[in-house]
Amino acid sequence: MIKRTQYCGEVTEKLIGKIVTVNGWVHKRRDLGSLIFILVRDRSGLVQVVFDPSDNETLCGSAAELSPEFVVSISGMVAARTPENVNPSMHTGKVEIRASGLEILNRSETPPFVIDERETASENVRLKYRYLDLRRPNLTRNMIFRSSFGHCLRDFLINEGFLEVETPIMIKSTPEGARDYLVPSRVQPGKFYALPQSPQLMKQLLMVAGMERYFQFSRCFRDEDLRADRQPEFTQIDLEMSFVDEEDVYELCEKLIVHGLEKACGRKVERPFLRLSYEEAIERFGSDKPDLRYGLEILDLAAEVAGSEFQVFQKVLEKKGKIGALALNPVNQYSRKNITEFEEILKKEYKIGGLAFVKVDSGKLDGGIAKFLSAEIQAKMIKKSGLQTGLIFIVADENHERACCSLGHLRKILADRENLITDKSALKFLWVNRFPLFELDDTGNYTPKHHIFSHPREEDMQFIESEPLKVHGKLYDMVLNGTELGSGSIRINHRELQKRMLNVIRMSDADAEIRFGFLLEAFKYGAPPHGGFAFGFDRLVMILLGETSIRDVVAFPKTASASCLMTGAPDSVDPKQLDELKISIKT
């Protein structure tokens with residue numbers, strides 16, 4: 001093999017007149033009479049090679065054998081292209097290599113799809129041949145960016161005094177909401193390890209151990225239904241710090257993101273990031289992860305519609321419910337059929353009673369429920385909406401959060417239909433904090449809204465046993481463009497407080513010792529105040545690259561059914577392996 005002197009993407013005007021050697025794959029071949037042009041591709045990009053019989057007729061004969069995806073090593077002199085042959089879409093488009101040497105290192109069968117920027121093959125075919133799919137220049141660029149961005153973040157944390165510590169992959173099963181992936185033990189039949197959903201407890205124990213500042217690029221596993229931004233195994237940037245409060249975590253995480261963006265992307269982001277409490281985010285945007293690239297905030301119409309003849313409004317107001325609205329001056333036309341479709345979506349998702357609407361036309365209300373509203377109420381509603389013409393969508397519900405969240409869902413639908421995001425490249429970061437620590441599950445029992453290890457706010461400690469739903473935590477999420485990038489909290493570091501919190505979710509002291517005894521035991525020996533955060537690294541890279549699926553920023557992803565089409569996993573195993581594990585399969 002001829003030794004490489006340059007990557008393909010490095011062959012530019014500065015090398016004109018020099019002899020170079022590139023190694024890579026044949027991307028395309030064009031025969032123009034006696035001349036043969038080859039595009040050679042490696043991970044850095046493409047470069048054109050020309051085989052001219054006037055330079056070497058025998059070499060041209062060898063070049064005629066080349067086909068896409070042959071692996072080659074090519075030497076030659078770098079020459080300037082003629083002005084009419086310059087290709088401005090290629091980084092190397094002003095030059096070409098006049099071939100003087102060719103070695104075919106390996107031949108290739110015709111690939112099952114064309115390897116270029118276009119996604120002409122189905123996703124299932126591309127995932128089956130993922131090693132070919134990754135040769136496509138856009139996916140190659142994604143992998144390169146992911147690597148360089150991660151390197152920038154790792155360097156920053158190390159420079160900030162963090163220790164990179166690996167935590168176990170096989171741990172005790174302590175479900176945190178999603179189902180665990182379980183690993184049977186051969187040497188202890190009938191017992192199981194779990195793959196970690198996060199290193200939460202281990203990183204807390206590292207703080208007890210005196211590590212003070214920890215991070216890792218952690219592999220995590222959750223057996224849950226998949227979406228475009230979710231995989232059964234994923235990478236998170238996990239960090240924890242001792243002797244800190246919320247402000248310290250905000251400061252560190254913002255500096256980390258700003259550093260990474262500037263170094264890896266050349267982009268600058270203003271800080272400090274905007275902060276919203278959970279209640280404010282829900283009331284204004286109907287979401288705890290609002291997209292701030294557009295407005296369309298939820299309006300509170302309670303004062304404006306008070307005293308109306310519309311009985312639905314009156315009943316909701318009597319029960320101190322929520323009457324919220326979205327006011328839109330639409331570009332598109334909306335028929336009654338469109339609005340009924342919106343209503344059915346919201347009824348199905350949020351179990352609301354209905355979606356009311358009125359049209360604003362030249363300062364007057366028309367259609368929908370307008371006939372139930374007096375001229376005075378109509379004037380107040382129009383003033384609140386700020387519209388001269390347009391539509392007002394209204395949801396009235398006894399449950400404040402349900403009303404707001406249904407409007408938040410409609411807000412996203414309307415933003416998509418109306419193209420309200422005028423700058424899709426904008427990066428709008430914010431913190432959402434002061435989350436409730438508890439919520440009610442389907443059986444009416446208290447369950448953690450995030451996880452049970454977050455510290456309650458001091459002013460709410462009095463309500464832990466008596467009114468748990470009033471207890472807010474030192475919890476915070478970082479949000480980017482409507483996507484949650486990660487979560488964190490200041491942790492509980494006292495044994496008795498942790499036991500009180502576990503008791504709220506009906507976990508007895510005995511059960512707590514069985515599931516979390518090792519953590520409670522550690523708290524006996526001087527656990528410092530500590531807190532941390534975990535970024536979804538895959539998700540962050542996906543947003544920064546403008547991709548719509550995590551599968552485009554992960555080397556070997558799973559499908560929506562958690563399958564690997566390339567390897568055939570998951571698969572059945574040899575019955576002897578099951579016998580060794582003392583496991584039988586129910587059919």
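## Briefing: salt bridges, spaces and a surface patch

Aspartate 133 is buried, because its relative accessibility is 0%, below the 20% cut-off. Its partner in a salt bridge is arginine 130. The model is a predicted one. A search of the whole structure turns up 46 salt bridges.

**The Arg130–Asp133 pair**

- The closest N and O atoms of arginine 130 and aspartate 133 are 2.9 Å apart.
- Both residues sit in helix α3 (residues 130–133). They are three residues apart, about one turn of the helix.
- Arginine 130 counts as buried because its relative accessibility is 3%.
- Side chains of opposite charge can pair when their charged atoms come close.

**A pair within helix α11**

- Glutamate 376 and lysine 380 form a salt bridge through their side chains, at 3.7 Å from N to O.
- Helix α11 (residues 375–385) holds both partners. The spacing is four residues, about one turn of the helix.
- Glutamate 376 is exposed because its relative accessible area is 54%, and the cut-off for exposed is over 50%.
- Lysine 380 has a relative accessible area of 37%, so it is partly exposed.

- Glutamate 513 and arginine 495 meet in a salt bridge of 3.0 Å, N to O.
- This pair links distant parts of the chain, 18 residues apart. Glutamate 513 belongs to helix α14 (residues 509–522), and arginine 495 to helix α13 (residues 495–504).
- Glutamate 513 is partly exposed, since its relative accessible area is 35%.
- Shared partners join Arg126, Arg130, Asp133 and Arg136 into one salt-bridge network.

**Cavities**

- Rolling a probe the size of a water molecule over the atoms shows where empty space is left.
- The count is three cavities of 30 Å³ or more.
- The largest cavity holds about 40 Å³ of space.
- Its lining is made up of Leu127, Arg130, Phe556, Pro557, Cys564, Leu565 and Met566.
- By class, that lining has six nonpolar residues, no polar ones and one charged.

- Four strands each supply at least two lining residues: β1 (19–32), β2 (35–42), β3 (45–51) and β5 (95–106). Helix α4 (137–159) also supplies at least two.

**A nonpolar surface patch**

- Ile169, Met170 and Tyr193 make a nonpolar surface patch of about 260 Å².
- Methionine 170 lies in the loop between β6 (163–164) and β7 (181–184).
- Methionine 170 counts as partly exposed because its relative accessibility is 45%.

Key:
Residues are numbered from 1 along each chain as its sequence is written. This is a predicted model: local features need pLDDT of at least 70, side-chain atom pairs count only at pLDDT 80 or more; totals for chains, interfaces and linings use all residues. Side-chain values use heavy atoms; hydrogens and water are left out. Patches are made of residues with over 30% relative accessible area and no salt bridge: like charges are joined within 9 Å, nonpolar side chains (Val, Leu, Ile, Met, Phe, Trp, Tyr) within 5 Å. Accessible areas come from the Shrake-Rupley method with a 1.4 Å probe; for residues, only the protein chains shown count as cover. A salt bridge is a side-chain nitrogen of Lys or Arg within 4 Å of a carboxyl oxygen of Asp or Glu. Buried means under 20% relative accessible area, exposed over 50%, partly exposed in between (1.4 Å probe, protein chains only). On a 1 Å grid over the protein atoms alone, a cavity is a set of points where a 1.4 Å probe fits but cannot get out, and a pocket is an open set with protein on both sides within 12 Å along at least five of seven lines; lining residues have an atom within 4 Å of a point. Grid points are joined across faces, edges and corners, and a volume is the space filled by probe spheres set on the points. Ala, Val, Leu, Ile, Met, Phe, Trp, Tyr, Cys and Pro count as nonpolar, Asp, Glu, Lys and Arg as charged, and the others, Gly among them, as polar.
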